[in-house]
Amino acid sequence: MAVLLETRDLRRHYQMGASLVRALDGVSIDVAPGEFVGLLGTSGSGKSTLLNLIAGLDRPTSGSLRIFDRDLAQMSSDELSEHRRRNVGIIFQSFNLVSTMTAAENVALAMMFAGVPRGERETRASRLLAAMGLAGRQQHRPTELSGGEQQRVAVARALANDPHLLLADEPTGNLDSRTTREIMTLLKTLNERDGKTIIMVTHDPSLAGEYAHRTITMLDGAVVGA
Amino acid sequence: MTVRDSLDLALRNLGQAKLRTALTTLGVAIGIASLAGMVSLGVGLQDQFVSRLTRSGLFDSITVLSSSDIPGGFARLGGAGRQGFGRGRGRGGPALPRVELSDATIQDLESLPHVRDVFPNVRVPLQMRFNGEQESFAAAGVPRSAKGEGAFRSIAYGTFFPNDADMTCMLSLDLAKRMNDADPASLVGQTVTLLHASPAAVSAAIAAGTPPAPVETPCPIVGIVERETGPGGIGAQVTPVMLPLGRARTMALRANNYLSLTVKVAGAQYTEDVEDAIKKKGLSAFSINDALQGAKRAFILLDIVLSLIGSIALAVSSLGIVNTMVMSILERTREIGIMKAIGGSDRDIRRIFLIEASAIGFFGGVAGVALGWLVGRVINFGANVYIQQQGGTTGNLFSLPLWLIGGAVGFSIAVSLVAGSYPAARAAKLNPIDALRHD
């Protein structure tokens, strides 16, 4: 089986006051291209820490983390931002849209960092938002959108630079059940139709069970079930 | 990320906090205004000083002396004979080759670039008789080129010499007032009698051991000149009695062997070069430029002191920039986290904030120069009203040359960049995970 993502004995320790927190303590997982993986665990289990490492937002204390055969542990800060720009799209629980920008501007911002010319950015942002069912909402600011709409803007932004890997951190944590269903269906479509590999952190086993191909369960910084 | 995009984002960010941006920019503007105003005052005062010197007609003059006259000291210049009686010779080290100041020298110097005119400084010893009174003078020979320049820019009464050859004279206003205190102007057109011994007569008299017999010549007064106040002496042609240079040369004792020459250059900026060129010819030369060097140093010192005072406000406003940007980064921490999460590099983030800082610097600089100019105008107006009341000459106390405008705006941007570099580095180094957790 081809491997998109491979971690070996991945550790992330940090000092909090006098005590050493072992947020990740020897995690070894593999993800194949096109998989939809649910990352389960209670809060403090290390699932978000693992997602942050895969996103290149954080650096491991030790171990290896290979994506597309490149070790993120060895990357410079510039290479990590390049990784975030090209390889991954991140979807957050709290949407994390820039509140002063319109939906279209938020999507275009991601392409701005990738150096996409203005005209192309605007066309692509508009097309992505339309594909998310937000054709009429492009010039609205986040405060003028519902939670589900905001999250769909965030999904459009995650897709802006056409990454292979989508990382979702509790994407439906702030949404009601109907909107949750909408967003999960959207992710499932992206996985099945567009072949995006998705790693989704959630604390809801039923949600993971329903939509993901498989789940990885974590506890106290280690994988306890795969 | 392109510079254009960074600029758009930065300006957009500044626009989000309009009041804060405006206040910070105003702070910078006041700082730049005080700095530009102070430097502008220094430059203005210097311009006033220099332009007054230039108008004196001395600024573009070089006085040339024969080189061998120098080692013996200036005292010998006025002495009876350079031939001397063996006393002056060999007094100070090896004698330099003697260079006579002849008509050939004049021609030689006239061929130098930027030289407008070369003429000998001729003094004719004579006596003047008027209304039965008689007095001795050394009359200066005034060249044609002096017409309308320096002291002869305005003639108090009458006109300049009609030509170079005829026997006419001009008087200083001081002398004219002594001759007719009530109405010096009425002297113009009257004739005085000049008593003068011709060079030939003097030689003959020396040979015979008798006093030379002077010749009496009637001489009409054509004009009366007010003596220029201010720096004078070198090359000044205003003496109580003045003759046209052409005429004076025929009367001088030392024809074709002059004590000194005056070289006029095309512009004050050439004085130094021409002076050097003359010195290379083995002649000694000096100009008021030499004396001006000291004044220039004093002005540089004045400029430094003024700019230091002006910089205080700018230093305070640069702290304002730091404060504004630190606040702005604190407010936008989450936004910075988002930008990093979607691929913004440290460099992108730093650049956005540096551009914000330099934009504040640019707008503050432009507004500051305008403000400084306005305040300068107002002070200048007030000062000139006062000067006029005191009977002085009005002028621009503040000068705002292009280099000062450009320099002030550039300096403003530079100071803002320095002030913004710490906040920008802090923003660039933000940990994205912490930043995203920030409310």
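1. A residue counts as buried if 20 or more other C-beta atoms lie within 10 Å of its own, as exposed if 12 or fewer do, and as partly exposed in between. Keep those cut-offs in mind for His114(B). It has 16 C-beta neighbours inside 10 Å, so it counts as partly exposed. Its phi is positive, about 70°, although His114(B) is not a glycine. The residue sits in the loop between helix 4 and strand 2 of chain B.

2. Phe95(A) is not a glycine either, and its phi is positive, near 70°. Phe95(A) lies in the loop between strand 7 (88–91) and helix 3 of chain A. Buried or exposed? Phe95(A) is buried, because 23 other C-beta atoms lie within 10 Å.

3. For chain B the mean pLDDT is 83, and 88% of the residues reach 70 or more. Within chain B, helix 10 (residues 333–341) has the highest confidence, at 94. Helix 3 (residues 75–78) of chain B has the lowest, at a mean of 40.

4. Two stretches of chain B call for caution. Residues 69–95 have pLDDT below 50, and this stretch makes 16 contacts in the model beyond near neighbours in sequence. Residues 229–235 of chain B also have pLDDT below 50, with 14 contacts counted in that way. Where pLDDT is low, the predicted coordinates should not be read in detail.

5. Next, chain A as a whole. It holds seven helices and 11 strands. Its radius of gyration is 17 Å, close to the 17 Å that the globule rule gives for 226 residues, so chain A is as compact as a globular protein of that length. The C-alpha trace of chain A spans about 50 × 40 × 40 Å along its principal axes. Buried residues make up 48% of the chain. Of the contacts in chain A with a separation of 6 or more, 69% join residues 24 or more positions apart.

6. Chain A is divided into two domains. Domain 1 takes in 1–67 + 76–87 + 163–226, and domain 2 takes in 101–160. Their centres are 24 Å apart, taken over C-alpha atoms. Nine residues of domain 1 of chain A are in contact with eight residues of domain 2 of chain A. Which element gives the most to the domain 1 side? Helix 6 (residues 177–194) of chain A does, with four residues. By class, that side of domain 1 of chain A has five nonpolar, two polar and two charged residues.

7. Chain B has 439 residues, of which 39% count as buried. It contains 13 helices and 11 strands. Among its contacts between residues at least 6 apart in sequence, 83% join residues at least 24 apart. Chain B too is divided into two domains: domain 1 (3–54 + 294–437) and domain 2 (122–255). The centres of these domains of chain B are separated by 60 Å, taken over C-alpha atoms.

8. An α-helix has 3.6 residues a turn, so residues three or four places apart point the same way.

9. After helix 8 of chain B comes Gly282(B), with a positive phi near 85°.

10. Finally, the two chains together. The contact takes 19 residues from chain A and 17 residues from chain B. On the side of chain A, helix 2 (77–86) and helix 3 (103–113) each supply at least two residues. Helix 2 of chain A gives the most to this side, with five residues. The residues of chain A that touch chain B divide into eight nonpolar, six polar and five charged.

How values were computed:
Residues are numbered from 1 along each chain as its sequence is written. Chains are lettered from A and ligands numbered from 1 in the order in which they are written. This is a predicted model: local features need pLDDT of at least 70, side-chain atom pairs count only at pLDDT 80 or more; totals for chains, interfaces and linings use all residues. Domain bounds come from an automatic or database domain assignment. Two residues are in contact if their C-beta atoms, placed from the backbone, lie within 7 Å. Ala, Val, Leu, Ile, Met, Phe, Trp, Tyr, Cys and Pro count as nonpolar, Asp, Glu, Lys and Arg as charged, and the others, Gly among them, as polar. pLDDT is the predictor's confidence in each residue, from 0 to 100. The radius of gyration is taken over C-alpha atoms; the globule rule is 2.2 Å times the number of residues to the power 0.38.
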